[in-house]
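Okay, thanks for coming, everyone. I'd like to walk you through one model today, so let me put it up on the screen.

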Amino acid sequence: MSGIFYGVGVGPGDPELLTLKAINAIKSADVVIAPRTEKKDESTAMSIARPYIQEGSEVLELVFPMNYNAQALSEAWVSNKGIILGLLNAGKKVAFLTLGDPMLYSTYMYVFRLLEDSGHEIINIPGVNSFSAIGNRLGVSLAEGGDILSIVPATIDDERLEKVLAVSDNVVLMKVYKNYAEIVEKLHKHGMVENAVMVSKCGLEGEEIIHDLVTAGSKKVNYLSTILTKRSKVSKHALA
């Protein structure tokens, strides 16, 4: 008997943003798995899905190290793959939870690649991404008409980021917690800081909305932070 593996996008934070398909997968799962980076506190993805996890379902949090130690990473991935395959080989329905959407800057993509040739059925279930939730939360359009929208991890190298900011009308910057001050400086250079807004922990307890990114430059930025910005029309013409 072969199990079924579900990659479930749980959205950015609000449990009511899960799709019916995601909820049904969680409810029917024999085992619900969520990734975590440290052996403390419940994973954010698990806390979002908690209202839909049924009594009797096994809850399992697997540690995925967030570092560049090749040996530690390799050992973790091999161990976690073995655990998941053991459940699937036993015929279990396994729901793997991931923040946002499974196919957008997600740990789940690495899990999917490890399992896609395993012979087990895999069903990927999309989730609401953070920037869509933020745009709707604030009533701010992500793109209109012929706008160019770029979705960028702020951790890319300076040259690539400069090119993106130079040609884009609207930009979503993810993973801004590592180099926030440098990001704000670049947005100012390209005429995009005045229209920028940063939301941290969207839909979660402690949600924070910051419109003045320059003033907030000295604060510590939460890991779950995303910046949305539009080019100033004046600056756009000036750069043309």
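**Strand β1 and its partners**

Let's start with β1 and β4, which pair in the parallel sense over 6 bridges. This is a predicted model, so to say where I draw the line: local features need pLDDT of at least 70, side-chain atom pairs count only at pLDDT 80 or more, and totals for chains, interfaces and linings use all residues. Residues are numbered from 1 along each chain as its sequence is written, and side-chain values use heavy atoms, with hydrogens and water left out.

A word on terms. Helices (H or I, at least four residues) and strands (E, at least two) are DSSP runs, numbered from the N terminus. Two strands pair if DSSP finds at least two bridges between them.

How many residues of β1 are buried? It's 6 of the 6, so β1 is largely enclosed by the rest of the structure. Buried here means under 20% relative accessible area, exposed means over 50%, and partly exposed is in between (1.4 Å probe, protein chains only). In a regular strand, side chains alternate between the two faces of the sheet. In β1, I4, Y6 and V8 point one way, F5, G7 and G9 point the other way, and all are buried.

**The cores**

Next, the largest nonpolar core, with 23 residues, where Y6, V8, V10, L18, I26 and L97 touch the most other members. At least two residues each come from β1, α1 (20–28), β2 (31–36), α2, β4 and β5. By nonpolar core I mean a set of buried Ala, Val, Leu, Ile, Met, Phe, Trp, Tyr and Cys residues joined through side-chain atoms within 4.5 Å.

Take V10: leaving aside neighbours within four places in sequence, V10 is in contact (heavy atoms within 4.5 Å) with residues including L18, A45, I48 and L97. Apart from this core lies another, of 22 residues, among them L161, V171, A196 and M198.

**The other sheet**

Now for an open sheet of 5 strands, in the order β6-β7-β10-β8-β9, with mixed pairing. Its edge strands are β6 (149–153) and β9 (208–210), each pairing on one side only. β6 and β7 pair in the parallel sense over 5 bridges, and P153 stands opposite M174 in β7.

Which strands do the buried residues of α5 pack against? They pack against β6, β7, β8 and β10; the buried residues themselves are S130, F131, A133, I134 and G135. Just after α5, G139 takes a positive phi of about 70°.

**Some loop residues**

Y105, in the loop between β4 and α4 (108–115), has a positive phi of about 45° although it is not a glycine. Y105 is partly exposed, with a relative accessible area of 36%. K201, in the loop between β8 and β9, has a positive phi near 55°, and it isn't a glycine either. At 27% relative accessibility, K201 counts as partly exposed.

Last stop: S57, in the loop between α2 (44–49) and β3 (58–63). Is S57 buried or exposed? S57 counts as buried, at 15% relative accessibility. The side chain of S57 reaches the backbone oxygen of A29 at 2.9 Å. Leaving aside neighbours within four places in sequence, S57 is in contact with A29 and D30.

Conventions. Polar contact = N/O pair within 3.5 Å; in protein donor to acceptor, adjacent residues only side chain to side chain.
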